[in-house]
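This briefing covers selected helix packing in one structure. Please look over the sequence and coordinates before reading on.

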Amino acid sequence: MVDSPSQGNRIKFMSITQSPHTFTAPQTQEAPWARWVLTGLALAFLSLFLLLPLAAVFSEALKKGWEVYLAAITEPDALAAIQLTLTAAAIAIPLNLIFGIAAAWAIAKFEFRGKSILISLIDLPFSVSPVVAGLIYMLIFGLQGWLGPWLREHDISIIFAVPGIVLATIFVTVPFIARELIPLMQAQGTEEEEAAIILGASGWQTLWYITLPNIKWGLLYGTILCNARAMGEFGAVSVVSGHIRGLTNTLSLHVEILYNEYNFVAAFAVASLLALLALVTLALKTFVESRVAQKISR
Amino acid sequence: MSKHKHHSVLPGFNLALGFTLLYLSLVVLIPLSAAFIHTAKLTWPEFWNTVTAPRVVASYRLTFGASFAAAVVNAFFGLLVAWVLVRYPFPGKRLVDALIDLPFALPTSVAGITLTAIYVGNGWIGQYLEPLGIKVAFTPIGVFVALTFIGLPFVVRTVQPVLEDIEKELEEAAAMLGATRWQTFRRIIFPTILPALTTGFALAFARAIGEYGSVIFIAGNIPMVSEITPLLIITKLEQYDYTGATAIAVVMLIISFVLLLIINLLQWWIRHRKAIA
């Protein structure tokens with residue numbers, strides 16, 4: 001594998017290794033200066049692209065002091081946006097949770113043809129542009145859409161109304177919980193469930209007492225990620241929302257409206273709420289990951 | 001379908017699979033098919049003229065060019081960040097590791113207005129770039145910056161676990177045989193992480209192509225210059241040109257499906273390698 005290992009090179013390698021492990025572990029570390037340079041470069045890149053934007057959100061939000069900040073996040077339109085964001089997430093997450101458990105049960109516990117195609121189909125919403133996700137719901141529920149005339153006759157509005165926002169949110173968050181549960185349940189196998197069934201437990205009892213306790217951290221992990229996306233989605237809900245203030249504005253849409261009105265401080269104040277949500281998400285995610293790691297190492 | 005039950009004693013297969021398929025069909029598959037069915041109303045020349053109009057082609061060029069450039073930068077720095085996180089100890093490492101996923105967790109509109117604020121003429125970075133004649137906000141470079149932010153976690157998160165799994169013995173053997181660190185990296189480590197690196201690159205690229213929220217604030221959205229394809233779809237929708245919007249959406253969908261296929265093949269490649277090793 002290695003070309004022309006010169007004697008001189010090897011001697012140099014041995015002589016600069018000063019650790020007591022010289023004989024068992026040869027040089028597999030870069031020189032200290034190289035480590036410093038690489039670490040410095042990596043941290044500089046991350047500071048530029050992660051830390052700086054994070055600091056900028058809060059700095060811009062607090063530019064005119066706490067009073068302006070608090071006023072911006074407690075005005076009626078902002079509160080309505082918070083409420084709608086929470087509502088959409090509260091509907092989308094439980095539905096995708098049930099879907100995730102059902103999909104993982106079918107895929108992880110049974111063998112059937114077309115399984116890998118099904119797994120790819122579940123991942124599909126990840127590769128669809130959010131704008132296209134919003135558009136396809138317009139084609140079905142919009143005025144010119146398949147169900148448009150029928151919906152209008154029955155006085156039901158989906159597009160430019162709350163149901164459209166909920167549907168778009170569900171679409172973009174479909175894969176999150178399923179894709180955490182499928183590999184986890186595949187790794188756990190079927191022995192425990194089979195034992196429960198043979199000992200006389202019903203299917204639902206097995207799911208409730210055996211499977212769910214085994215996957216609870218994966219379930220929580222998927223839910224955290226699903227929630228972050230559900231509350232933060234912008235492109236898909238932007239298409240179906242119609243941007244009616246106080247009615248069909250989620251938090252991330254409200255940020256856009258305030259920004260386009262040159263109300264920058266208020267826009268960043270609302271944005272800072274979403275940035276806080278992102279930070280809480282990352283903290284919870286790291287915590288759950290450490291729990292999962294502990295479980296595996298035990 | 002004869003493999004169905006696979007002599008399993010577990011119940012609930014029909015219910016679970018039935019619900020999965022029903023839910024996926026209602027939420028994902030039927031709505032997606034609506035785009036293709038709607039476009040079928042167009043004749044082939046009508047479709048072709050819509051999706052190859054000069055303004056549309058300019059938007060493809062920007063979208064794919066900026067996405068590619070952003071994915072390349074992310075491949076390089078993502079590998080560097082993954083390497084540093086796996087191999088070198090430094091204070092605050094856990095915090096940095098957790099922060100990598102910020103672009104996944106931060107809503108795209110927040111990312112968009114924040115990056116714009118940083119790169120405009122009087123922004124934290126913009127004020128130093130503008131005197132040098134470099135304009136970032138409201139130019140194609142701004143699109144590239146936003147897409148780099150959005151794609152940052154992909155390469156790090158695909159390469160990191162593979163780097164962690166590399167056996168030290170191989171590197172020790174290479175060093176014993178007289179290889180320099182650079183030779184070991186090029187000949188031993190890099191080939192091992194190449195599939196993961198390519199997957200991360202493809203994921204970042206695929207995500208960037210569809211991205212909307214973080215880009216529209218910083219792009220300036222000038223037709224033919226800094227207008228991305230997803231924005232063009234929205235513009236057409238706002239003009240009630242549903243058919244034109246859908247035709248462009250179908251082009252994007254087909255490209256996404258091809259990319260998804262490539263990513264799946266890459267992942268198969270990784271698993272295959274692991275099985276051999």
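The model is predicted. Helix 8 of chain B (residues 140–165) packs against helix 2 of chain A (residues 32–61), and the axis of helix 8 of chain B also comes within 10 Å of that of helix 6 of chain B.

**Contact between chains**
- The axes of helix 2 of chain A and helix 8 of chain B are 10 Å apart, at an angle of about 105°.
- Because 65 to 115 degrees counts as roughly perpendicular, helix 2 of chain A is roughly perpendicular to helix 8 of chain B.
- From chain A, residues A:Phe45, A:Leu46, A:Phe49 and A:Leu50 meet B:Val145, B:Thr148, B:Phe149 and B:Leu152.

**Contact within chain B**
- Helix 6 of chain B (residues 108–119) and helix 8 of chain B cross at roughly 135°.
- That angle makes helix 6 of chain B oblique to helix 8 of chain B.
- The crossing is right-handed.
- Helix 6 of chain B contributes B:Thr108, B:Ala111, B:Leu115 and B:Tyr119, while helix 8 of chain B contributes B:Val145, B:Ala146, B:Phe149 and B:Ile150.
- By class, the contact has 7 nonpolar, 1 polar and no charged residues.

**Annotated spans**
- An unreviewed UniProt entry annotates "transmembrane region" over several spans of chain B, including residues 98–120 and 132–156.
- Residues 98–120 of chain B are 78% helix and 0% strand, with end C-alpha atoms 28 Å apart.
- Residues 132–156 of chain B are 68% helix and 0% strand, and their end C-alpha atoms lie 32 Å apart.

Notes
Residues are numbered from 1 along each chain as its sequence is written. Chains are lettered from A and ligands numbered from 1 in the order in which they are written. This is a predicted model: local features need pLDDT of at least 70, side-chain atom pairs count only at pLDDT 80 or more; totals for chains, interfaces and linings use all residues. Side-chain values use heavy atoms; hydrogens and water are left out. Axes are lines fitted to C-alpha atoms, for helices over the stretch in contact, and angles run from 0 to 180 degrees between N-to-C directions. Helices (H or I, at least four residues) and strands (E, at least two) are DSSP runs, numbered from the N terminus. Angles under 35 degrees count as roughly parallel, over 145 as roughly antiparallel, 65 to 115 as roughly perpendicular and the rest as oblique. Contact means heavy atoms within 4.5 Å. UniProt positions are given in the numbering used here, feature names are shortened, and annotations may be inferred rather than shown by experiment. A crossing is left-handed if the near helix is turned anticlockwise from the far one by less than a right angle, and right-handed if clockwise. Ala, Val, Leu, Ile, Met, Phe, Trp, Tyr, Cys and Pro count as nonpolar, Asp, Glu, Lys and Arg as charged, and the others, Gly among them, as polar.
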